[in-house]
Amino acid sequence: MTAPVLGLLVLAKAPEPGRVKTRLCPPLVPAEAADLAAAALLDTLDAVCGVPGGRVIVALVGPMSAAARGDELSLALRRGVTTGQRGPDLGHRIAAAHRDAAGLLPGRPVLQLGMDTPQVDPALLADAAGPLHRGSVDAVLGPATDGGWWALGLRDPRAAAAIADVPTSRGDTGERTVHALRAAGLRVGLLPELTDVDTAADAVAVARTAPGTRFAAAVAMLPALASSACRNGAFARQSVPTRGLVAALDGTRGC
């Protein structure tokens, strides 16, 4: 078997009703939101498993026994290595997951994403890792439309320690992450901007961009997401411009 050349690290939470995608409620109920989260995770696992030369590592928190689509997810997780998450907050859990990936794949770059962007596909992820393989940058970051980020790639995944203390779930998380990586001496490249699925309006928008996914099929089965309130953005997040992040990475887009 050919040795893997890239680690694909997915940070995931078991999609238990009431514990995932709570911002989708309303208009959804917890069981519907959990099913959407499960569909998104399954699509994400399909994408990372399709990247040539990749080895999938899933840093998982929560039991699958109470998860939506738990049997299907348990089967899908067998396609990679599953580890636990540890740390007092998301930043430290990200750093720990990268450290674990470095131990499993010494000397290999790692590309990390979550379970909120079911629109990703193997080609996008392979392209995202390209600059790391070429050595033109030390890190790549994929900005999200809410000011955060959807992907982090590192030539040396142990360098994720630099972002352990960056506050998450803020409109400037992406920009702060770039500054932390650069302060650690890393050259940072910018990936395409994507929308995370946090709100009902996000779910509808993302489903439209990825019509062949499980996620899109799940959205189509939910009448609440076809309501005029969702179409008109009543459940949308507040738009957060990413100009600060783009400015911080001026000259590195597409590297």
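Predicted model: local features only at pLDDT ≥ 70, side-chain atom pairs only at ≥ 80, totals over all residues.
Local features need pLDDT of at least 70 and side-chain atom pairs count only at pLDDT 80 or more, while totals for chains, interfaces and linings use all residues. Residues are numbered from 1 along each chain as its sequence is written, and side-chain values use heavy atoms, with hydrogens and water left out.

Start with strand E4, residues 110–113. Strands (E, at least two residues) and helices (H or I, at least four) are DSSP runs, numbered from the N terminus. In a regular strand, side chains alternate between the two faces of the sheet. In E4, Val-110 and Gln-112 point one way. Leu-111 and Leu-113 point the other way. All four are buried. Buried means under 20% relative accessible area, exposed means over 50%, and partly exposed lies in between (1.4 Å probe, protein chains only).

E4 has two strand partners to follow here, E1 and E6. Two strands pair if DSSP finds at least two bridges between them. E1 and E4 run parallel and are joined by four bridges. Leu-8 has Leu-111 of E4 as its bridge partner. E4 and E6 run antiparallel, again with four bridges. Here Gln-112 has Leu-152 of E6 as its bridge partner.

Now move to the loop between E1 and H1. The peptide bond from Cys-25 to Pro-26 is cis, with omega near -5°. The bond joining Pro-26 and Pro-27 is also cis, with omega about 10°. Lys-21 belongs to this loop too. Lys-21 is not a glycine, yet its phi is positive, about 50°. Its relative accessible area is 16%, so Lys-21 counts as buried.

Lys-21 also takes part in a salt bridge, with Asp-198. A salt bridge is a side-chain nitrogen of Lys or Arg within 4 Å of a carboxyl oxygen of Asp or Glu. For Asp-198 and Lys-21 the N to O distance is 3.9 Å. Asp-198 sits in the loop between strand E7 (188–190) and helix H6 (200–209), and Lys-21 in the one between strand E1 (6–13) and helix H1 (30–49), so the pair ties together parts 177 residues apart in sequence. Asp-198 is buried, like Lys-21.

By this rule the count comes to 14 salt bridges. Another of them joins Asp-46 and Arg-214, at 2.6 Å, N to O. Asp-46 lies in helix H1 and Arg-214 in helix H7 (residues 214–220), so this pair ties together parts 168 residues apart in sequence. Asp-46 is partly exposed, at 30% relative accessible area. Arg-214 is partly exposed as well, at 27%.

A further salt bridge links Arg-155 and Asp-138, whose closest N and O atoms are 3.7 Å apart. Arg-155 lies in the loop between strand E6 (149–154) and helix H5 (173–183), and Asp-138 in the loop between helix H4 (122–134) and strand E5 (139–143), so the parts tied together are 17 residues apart in sequence. Arg-155 is partly exposed, at 39% relative accessibility. Asp-138 is buried, at 17%. Elsewhere, shared partners join Asp-43, Asp-46, Glu-72, Arg-79 and Arg-214 into one salt-bridge network.

End in the loop between E6 and H5, where Ser-169 lies. Ser-169 has a positive phi of about 60° although it is not a glycine. At 77% relative accessibility, Ser-169 is exposed, whereas Lys-21, with its own positive phi, is buried.
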